[in-house]
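These are my notebook entries on a structure that I went through step by step, from the whole chain down to single residues. I begin with the term that the opening entry relies on.

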Amino acid sequence: MSQLEKSFYSKSSMYSFIVVVILFMSMWIGTGQFSHMDWMLFGYMVSTFIFFIGMTVRLTSWIMRPATHEVIKRSIQKMKSKNSQKRNGKAIFKTLIDNILLQKYIFKRGVYRGIQHWLIAWGCIGSLAITFGLTLGWMHFKLVDSSTYQMVVFNIPTIQMAADGWLAQMFFEGLNITASMLLIGLAMAIIRRIRDKDLKVTQRAEFDLFPLYLLLAVTLTGLFLTVSYKLLGGWMHPQLALIHQITVVVFLVYFPFGKLVHLPMRPMAASVPMNYQETPGVDTRDCSGCGELYSNDEQIEDVKAILGAQAFDLKNDEGDWLADYCPACRRKLRVMSQLNLPKGAGKAAPVQTNNGIHMPGFGRKRSEDFYQPAHSGKEEL
Amino acid sequence: MRKVMYLEFERCIGCRACQAACRECGGHDAKERNYVEYVDFFENRQTYPMLCMQCKDPACARVCPANAIQITEEGVVLSAMEEKCIGCRNCTFGCPFGIPKFDFEENKMYKCDMCYDRTQHEIAPMCASVCPSDAIRFIDHDEMMDLRRRRTQMNLIEGKKPSENNKWDYVPEFFGVYSD
């Protein structure tokens, strides 16, 4: 692998090359040696390639970060370990269902937000799946006889359906369904962005608002195509198709570099319970200060490795690491060292002053030689 | 931002007004992000307030596998971005000061953001604006330097001098209990 890597300019260029080759081969197979190419979708196809290259570059640089690398290394190690494979599978499956499919945690942040995000997320994923499937020629529809359609996936004929049956309708209206989901979700999101003053504190126009309005543009122009050919007799259809194509191209090129890239990154959450929670929600490692349970060994090991990889020296004088203490003990350690009472200095004594009035607070006991007359002891002070 | 947060732990009287104020801050979702804790409950009732240090190179952001913790141009370390945070809690274990909190229900990390909506306009954060004993202050950098210098002068009252190999004995232990 490293030999192959050396023949490329960088890791990301190597992976991009591999991804492009795979995509090209899948097109070659899917379209039957390019005999079923849909040339109407040529613009979409080019931007799809840019999308995949951008995504590869973005994800490669993300995975190369020490923290991400460490977590992925841990996930692979966990998955390989034989004795807990059943538990791992269960943990991943449950988190995927809860966090990714149903997005329960967002519903806990607010039902409105949950519905909004779920609609946008699955609207997006559905639309992207259909777009990629059609533009790269992974699937197309063939007329078997005058009233029967057949779906061809990767050049393999699959299910047949009546041309006016409900299944065919579902396929033909697929993008309209996902676009309607998106439209509702986006309207909810925009209303939230306008009404919620708390959001305005940290929201940025180019990061939070641009993708929202871009998605809205894609959705509206796409839905208007349907309106045009269904209700308006194809009014302005070629022009509208071009406008829609432009918005989609901008969307696909932007996607890997903005807020929306959390779509491929967020599923890493599925590995968290497997990596770090032997039983979900139960800590097993005890703090070396107070003895409270606060985490588990694997996570602390990973945190230390990540910090070490980035030259963070969080070792105490006693030789233990700050990560060995629970957060409450760490706060106390910080306060005590700032107040001149490092670990082992004993209990805080009243603050002692020259006038003999002892103030409550954080003082340290004076050493006995402080009270020695000045001439009897050391002169260097 | 020319202003800085200035903490004096020994001034804390344990009223927890800062925590109540923190809950009221916009975007904090009625959950406090700062701490007021006892130094040693069995010894005395002395408490200390604890906020985020807003590190220049934050360990929490460095250990985040999702790259979710962002730093504003003013240098404020924000809570994890909600869309990126994968809920692994690495930040709570990476932070050397034990600051980030974790919401298991909503599966996200939240931490002191110095009330970014206020401090970016140089308005004191909620905790500093309500602290009755000035344990938490939001002051000019020059004023802070002045206060530090005065703290060092207080050593003379206490009769402490730095010794060889132990300059820390000279660092003041208290400030402001006396008027000048």
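Entry 1, contacts along the chain. The model I am reading is a predicted one. With that rule I looked at the contacts in chain A between residues at least 6 apart in sequence, and found that 56% of them join residues at least 24 apart.

Chain A is divided into domain 1, covering 2–273, and domain 2, covering 283–367. I looked up how far apart they sit, and the C-alpha centres of the two domains of chain A lie 47 Å apart. Turning to what joins them, I found five residues of domain 1 of chain A in contact with six residues of domain 2 of chain A. On the domain 1 side of that contact, I counted three nonpolar and two charged residues, with no polar ones.

I then followed helix H10 (residues 205–231) and helix H11 (residues 237–254) of chain A, whose axes come within 9 Å and cross at roughly 155°. Because angles over 145 degrees count as roughly antiparallel, I describe H10(A) as roughly antiparallel to H11(A). The crossing in which H10(A) passes H11(A) is left-handed. Among the residues that make the contact I listed A:Leu214, A:Val218, A:Phe224 and A:Leu225 from H10(A), and A:Leu240, A:Ile243, A:Val248 and A:Phe251 from H11(A). By class, the residues of this contact between H10(A) and H11(A) divide into 13 nonpolar and six polar, and none is charged.

Which residue has a positive phi of about 60° although it is not a glycine? In chain A I noted A:Ala311, which lies in the loop between helix H14 (297–309) and helix H15 (327–338). Is A:Ala311 buried or exposed? A:Ala311 counts as exposed, because it has 8 C-beta neighbours inside 10 Å.

In chain B I looked up B:Asp134, which is not a glycine either and has a positive phi near 60°. B:Asp134 lies in the loop between helix H5 (126–130) and strand S8 (136–140) of chain B.

Key
Residues are numbered from 1 along each chain as its sequence is written. Chains are lettered from A and ligands numbered from 1 in the order in which they are written. This is a predicted model: local features need pLDDT of at least 70, side-chain atom pairs count only at pLDDT 80 or more; totals for chains, interfaces and linings use all residues. Domain bounds come from an automatic or database domain assignment. Two residues are in contact if their C-beta atoms, placed from the backbone, lie within 7 Å. Ala, Val, Leu, Ile, Met, Phe, Trp, Tyr, Cys and Pro count as nonpolar, Asp, Glu, Lys and Arg as charged, and the others, Gly among them, as polar. Helices (H or I, at least four residues) and strands (E, at least two) are DSSP runs, numbered from the N terminus. A residue is buried if 20 or more other C-beta atoms lie within 10 Å of its own, exposed if 12 or fewer, and partly exposed in between; C-beta atoms are placed from the backbone. Axes are lines fitted to C-alpha atoms, for helices over the stretch in contact, and angles run from 0 to 180 degrees between N-to-C directions. Angles under 35 degrees count as roughly parallel, over 145 as roughly antiparallel, 65 to 115 as roughly perpendicular and the rest as oblique. A crossing is left-handed if the near helix is turned anticlockwise from the far one by less than a right angle, and right-handed if clockwise.
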